[in-house]
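Colleague: I'm new to this one. Could you walk me through how to read it?

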There are 2 protein chains.
Amino acid sequence: MTEHHTVKAFDSDLQELARLVAEMGGLAERQVADAVDALARRDTALAQRVTAADAQIDALQREIEEKSVLTIARRQPVASDLREVVGALRLAGDLERIGDLAKNIAKRVIALNGEFPPPKLIRGVEHMTALLLGQLKAVLNAYARRSVAEAMSVWRGDEEIDAVCTSVFRELLTYMMEDPRNITFCIHLLFCAKNIERMGDHATNIAETVHYIVEGKPIADQRPKGDTTTLADLRKAGEV
Amino acid sequence: MTEHHTVKAFDSDLQELARLVAEMGGLAERQVADAVDALARRDTALAQRVTAADAQIDALQREIEEKSVLTIARRQPVASDLREVVGALRLAGDLERIGDLAKNIAKRVIALNGEFPPPKLIRGVEHMTALLLGQLKAVLNAYARRSVAEAMSVWRGDEEIDAVCTSVFRELLTYMMEDPRNITFCIHLLFCAKNIERMGDHATNIAETVHYIVEGKPIADQRPKGDTTTLADLRKAGEV
């Protein structure tokens, strides 16, 4: 009877943790979408709301940390139960970083106030964001369903975001070279694009954590991505 | 006797955790110093070693995570003992991020292969790095001595790094506007400078964690920093 009671209490701890992670994931998705909407629509007020809302994500991370620690101390879980708890901790870390990066985009929108990058340039960033949001949604679903297959598909999909990022970088570089007056806002857009690329890396981390929770071991393959926009492609684009 | 034994075992767990954090901190310091040395001396081989060595930092983070979880499950610590363990987890997270950012600088050195930014421009990044390494050393000492006073001094010192970063950004923008051929390597240097600024944020987080471990509550003041280089200053510089 006592054992049964403990098991039920532990299950409810785990459900609560998973619920908090899902809530944090939903918030992170919204922050990313809002930050890039604010960029596309030059909506400084929305950007300010995004900046302010980041504190909620940080608070959720602390709550997940506290609940995880309490659960480990009270229930002393092992094997897959322990991985559930450690997984929640890791996921909260990645979602917090995604929130931070969205906040950084929002800050740039505020800084850009008065400057008007051509919509064409912003469309590249929007395209990256659409891909990223698809990845984020898919990986949060993979977590909700504890589906390794779905997680692996996200894990492999990160290359597409990187490829679009490289082409956005090229376009921005060309623009900067054409006219020095474009340089300032292009740098803001470069950092925005880089932020979204980094969010993609965190979505990949989340996919790896889902794999770890279910399978209990890391993914065997080499990570599919090369951090291309920092590297040769940028130089190549610069040489055009 | 049993209790005494348990206490000793717990102390040794905590010492081991603190030792691992110190080791990780030392590695992160070296990675940052090596990455920027590689940049200053155009030493691609060193940059490649930095890129490869990042895996050690990641492995240490996992080890700290595992040991923390085991310690919480076995000893069920409360109050300051629990904060020691949770603190180690948080510190490992920030040190891992610092390692990642150092790796990103190293990757840029490899990408810059063949391009030669003027030493004058790199000196700004080196200046930031010297400040950052001072902060990192101080905050790791603050952790080793559990000194809130030392941690608070690091926490307040972050503004100086941000100020130098702003002036580096200005200098790089001027350079980019003078000649479009400078744009590519200047962007790499912008990202390097931004990475070091972010490392400063992580040093600030570490200071906050030391405060939390010792005092059991967050720092009351507002965080001293404004993320200036992303904001108005960049625009101002762009308008020159």
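**Reading a two-chain model**

Modeller: Let's begin with one residue: Arg90(A) sits in helix α3 of chain A. Keep in mind that this is a predicted model.

Colleague: Is Arg90(A) buried or exposed, going by its relative accessibility?

Modeller: The idea is to compare a residue's relative accessible area with a cut-off, and under 20% means buried. Arg90(A) comes out at 15%, so it counts as buried.

Colleague: Which residues does Arg90(A) touch, leaving out those up to four places away in sequence?

Modeller: There are partners on both chains. Within chain A they are Thr209(A) and Tyr212(A), and from chain B come Arg62(B) and Glu65(B).

Colleague: What do the side chains of Glu65(B) and Arg90(A) form where they meet?

Modeller: For a salt bridge, you look for a Lys or Arg side-chain nitrogen within 4 Å of a carboxyl oxygen of Asp or Glu. Here Arg90(A) and Glu65(B) make one, with 2.5 Å from N to O. Between chain A and chain B the count is two salt bridges. For polar contacts, the count between the chains is two residue pairs, both at pLDDT 80 or more.

Colleague: Which elements give two or more residues to the side of chain A that touches chain B?

Modeller: You'll find α2 (44-75), α3 (79-112), α5 (148-178), α6 (183-215) and α7 (232-239) of chain A there. Sorted by type, the residues on that side are 20 nonpolar, nine polar and eleven charged.

Colleague: And how many residues does the contact take from each chain?

Modeller: Chain A gives 40 residues and chain B gives 40 residues. For the area, think of the surface the two parts lose on being put together. Chain A and chain B bury about 3700 Å² between them, and 63% of that is on carbon and sulfur atoms.

Colleague: Now the rings. How many aromatic pairs does the structure hold over all chains?

Modeller: Three. To read a pair, check the distance between ring centres and then the angle between the planes. One of them is Phe191(A) with Phe169(B), a stacked pair at 6.2 Å centre to centre, with 20° between the planes.

Colleague: Let's step back. How many helices and strands are there in chain A?

Modeller: Seven helices and zero strands, which along the sequence reads α-α-α-α-α-α-α. Its C-alpha atoms fill a box of roughly 75 × 40 × 20 Å along the principal axes. Of the 240 residues in chain A, 56% are buried.

Colleague: How do contacts in chain A span the sequence?

Modeller: Take the contacts between residues at least 6 apart in sequence: 84% of them join residues at least 24 apart.

Notes:
Residues are numbered from 1 along each chain as its sequence is written. Chains are lettered from A and ligands numbered from 1 in the order in which they are written. This is a predicted model: local features need pLDDT of at least 70, side-chain atom pairs count only at pLDDT 80 or more; totals for chains, interfaces and linings use all residues. Side-chain values use heavy atoms; hydrogens and water are left out. Contact means heavy atoms within 4.5 Å. Buried area is the accessible area (1.4 Å probe) that two parts lose on being put together, summed over both. A polar contact is a pair of N or O atoms within 3.5 Å; within protein, one must be able to donate a hydrogen and the other to accept it, and residues adjacent in sequence count only if both atoms are side-chain atoms. Helices (H or I, at least four residues) and strands (E, at least two) are DSSP runs, numbered from the N terminus. Ala, Val, Leu, Ile, Met, Phe, Trp, Tyr, Cys and Pro count as nonpolar, Asp, Glu, Lys and Arg as charged, and the others, Gly among them, as polar. Rings of Phe, Tyr and Trp (its six-membered ring) pair if their centres lie within 6.5 Å; planes under 30 degrees apart count as stacked, over 60 as edge-to-face and the rest as tilted. Buried means under 20% relative accessible area, exposed over 50%, partly exposed in between (1.4 Å probe, protein chains only).
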